[in-house]
Amino acid sequence: MVAVPGFADCSRQTVIYNSSSPGNGRESTVAARKNKKQVVIVESPAKAKTIQKYLGADYEVTASKGHVRDLPKSRLGIDIAAGWVPTYRPLADRKQVLAGLKKSVKGAGMVFLAPDPDREGEAIAWHLQQALDLPDSKVRRVRFNEITRNAVQEAFTAAGAINAHRVEAQEARRFLDRIVGYNLSPLLSRRLARQLSAGRVQSVAVKLVVDREREIAAFVAEEFWSVEALLAVSGSVDRARFSGEQVQIVLADPNPRKRFGKKSEEGSEDEGEEAAESDQLGTFKAELVSWAGEKFEAGKREQVDVVLANLNGATWSVTRLEEKEKQERPPAPFTTSTLQQLSSNRLGYSASRTMRIAQRLYEGVDLGSEGQVALITYMRTDSTRVSDDALRAVRERIQSDHGDRYLPEKPNRYTSGKSAQEAHEAIRPTDLSYTPARLASLLPSEQLRLYTLIYNRFVASQMRPAVFGVTTVEVTASKGLFRASGRVLRFDGFRRVMPSSSKNEEPQLPPLSEGQGLDLMKLSGRQHFTQPPPRFNEASLVKTLEKEGIGRPSTYAAIITKIQERGYVEQRERRFHATEVGMQVTDLLVDHFKQVMDLKFTSHMEEQLDRIETANMGRNAVLDEFYGPFTEALRQAETVLGSSQEACPQCGKPLSERFSRRGRFYGCSGYPECNYIKRPEGQAERVAPEPTDHVCPVCSKPMLKRVAKGKPFLGCSGYPECKTTMNLDAEGNPVLSARPTGHPCEKCGAPLVLRNGRRGPFLACSAYPKCRHAVDVDADGNPKKPASIGINCEKCGKPMAIKRGPRGPFLGCSGYPECRGTRQINQELRDQLKDHLPPPKPAPPQVEIPEPCPKCSRPMKVRSGAKGYFLGCTGYPKCRTAVEPSPELLEKINAAAAAMVAEGSSASS
């Protein structure tokens, strides 16, 4: 048993956690409850498992699995007139958990609550105390930023009371969100479409995307020109090595696909060739900056033609040379937002995926013989502070791995944002001896990649700056002054562990001196067009949310996920585009609820929540400040947003303009009693079902031809009693797509339906989409019982099952969809589960592809995807070109695949 101060005399102690962090407070008084068990509560089973090994066998560690209470779903749940008095209800899926916790704390000497060290964690701890009906004298709050032996023991020593101000700050946030969502969502649904919703913070995030979308749409490109010279030291390079004319004009596409920067350009086809030429030893590029003593600006080709003519035959020489050193400081260790940004840019991970992986690294991962180990500190933080112990450890690591040259005299210090909670720490490794190389064979790929990013960033943050030699050269020819710059890395410093990923590094200049003559290799007049601001990607949207003070570190990922789930924005090529519904919702809210949609007001409310936490302002005062103007705006909006004058032809009620994911339409305001829809001019009316000669194979009733998502299918006329459907093949023949069975859904009891998917037949619940339960089937179409593999879910403790995905098998929680825990199958697990895994997918056949990649000219190869074989560039992922094979080539590929199957069969026999 681990000796925890204050608990030496306790015979048995139960620990129920929620999530944990920094220590706070007063000394635990356990002596009075000697010989009684002690209870400590965490959020997840994975965290409980990690903590268990630090507390020993005398402690019983269990999990609350997150929140246990919330406001009721069916009503507002807040009595505003009585002074913002809430009504809380146990969550439906937490009733069994609460019952188990009540048994654990019954007769306990002391109950220790250890949720995450933020507002939400504090609120969870308070809700646990209330739900378990525990007196203050029996409760202690435990907080820690990392799950290590020392941190856990120190947290118990410093256990204190629940922070009431922090709980009130979280309550205020929840009440504000409930007030906005509860009142605006029905208004949006009546005016625009069914099941739309509004959120206090999410709606402002949508507005950012909508404003950028409209800024791009209104942008008018302006033409401008530049003059660029490719130069070399006199006599050092043979001009014959360069192809093409010495003087040339390079035109640009006025509507390039490139989106970055207001003056980004789309070069010609031979731009890559010229870039390669400029990299040759002894050459460099210089751009014209002034002509005849004035700044050079050209908006038309004619102006450039005059300059090029004057430069023809001119003498080129270096007139000024400046050399200096420049230091590049290492970046600060990660906060939540900077981790999400760099993870998006370098790894391509979404904010939600980044936080999901980081959560697992924080709670603990299985490292084989070492058991469950927490690898990083708490991942929801806006602080760059680092503890003194961690600073000593990283400085020792830098000295031993890289030497004194890379170790600064004093630790590097970084400034956090004004809203940062300095009790928190930056995101860093808990133990630097767990290097990425040591964990390479123990972690799944996505966890290893993110951990490597966190590890290297933390080490780099405490190293010396990188030092560059920066050279600026000015070149004179005729009336023109050209300028070029370059830099050379003289000391790599922190870049030794965290190299730059920038593609815009300045080139290295050849040795030059003032007065030196130069030879002209090429002279180019280049056309450009100004570009609109780029659309947001996940990294830039998170950065903007942080900059504008919208939300807090724990909310960024949820904000981005929700605005996509609601259909207000969508991602294309990893860029956010506002949908028509998103624009309509934003316009309505901006017109009638300017305060809710104002960026400064949203940021102000975040600051007010911070003031509640620090006891500088009361909860009710902040809520009243918001509620008064909001209710007046709501009253005016409900008056103004009336229905149209046109009456419904079916029931006589007014029609109202609405918007759905499929576009604009006019619907009866009496919906759902009346479902009349009038579509705008130019849009086809809903197609009525057509009788057919086909008979339902299940109930023998006639099948009706229907249309869904633009595609025809057959549905039983006995619907909804019979839910049989049939697709139509290319010849129009029916193919059974869904057949009811007698098997009940184990989640909701509804009948299961046999369907065919991309990966074969499966059973799905007929109550979809309310119930998304699905089951694999055997050869006869009967449910296949998942094989017991002896691995439990890290989130909820239920058994894991082998499931099929587009990238192959993976482990998924059997409690899906209530629990969405997943785990990649690494090589160690693959060896362990070899008898349960499906046979590996055969490699695509090797067929010679005569045509190169149309974009980069690299060879193409056969690849297989969800829809069959296709041709992919061998330069992937730098080049992601994919094309469909021709019918003749596809025939060759299929023949080669068949030959491989036949060869494999004969070999096995």
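Predicted model: local features only at pLDDT ≥ 70, side-chain atom pairs only at ≥ 80, totals over all residues.

Trainee: Is R457 buried or exposed, and which side chain of opposite charge is nearest?

Mentor: R457 is buried and has no salt bridge. The nearest side chain of opposite charge belongs to E546, 9.7 Å away.

Trainee: What does the side chain of R457 reach, then?

Mentor: The R457 side chain reaches the backbone oxygen of A332 at 2.6 Å.

Trainee: And which residues does R457 touch?

Mentor: Leaving out residues up to four places away in sequence, R457 touches P331, A332, P333, F334, T338, L342 and M498.

Trainee: Changing topic: at what angle do α9 and α10 pack?

Mentor: Helix α9 (residues 336–347) and helix α10 (residues 351–363) pack at about 115°, and their axes are 9 Å apart. T336, L339, Q340 and S343 of α9 make the contact with A351, T354 and M355 of α10.

Trainee: What is the handedness of the crossing of α9 and α10?

Mentor: The crossing in which α9 passes α10 is right-handed.

Trainee: Where is Q341, and why does it count as buried?

Mentor: Q341 lies in helix α9. Q341 counts as buried because its relative accessibility is 14%, under the 20% cut-off.

Trainee: Which residues are in contact with Q341?

Mentor: Apart from neighbours within four places in sequence, Q341 is in contact with A539, V542, K543 and E546.

Trainee: How far apart are Q341 and S540?

Mentor: Q341 and S540 are 199 residues apart in sequence, and their C-alpha atoms are 7.1 Å apart in space.

Conventions:
Residues numbered from 1 in each chain as written. Heavy atoms only, no water. Buried < 20%, exposed > 50% of the residue type's maximum accessible area, 1.4 Å probe, protein only. Lys, Arg positive; Asp, Glu negative; His and termini not counted. Salt bridge = Lys/Arg side-chain N within 4 Å of Asp/Glu carboxyl O. Polar contact = N/O pair within 3.5 Å; in protein donor to acceptor, adjacent residues only side chain to side chain. Contact = heavy atoms within 4.5 Å. Axes fitted to C-alpha atoms, helices over the stretch in contact; angles between N-to-C directions. Helix = DSSP H or I, 4+ residues; strand = E, 2+ residues; numbered from the N terminus. Left-handed = near helix turned anticlockwise from the far one by under 90°.
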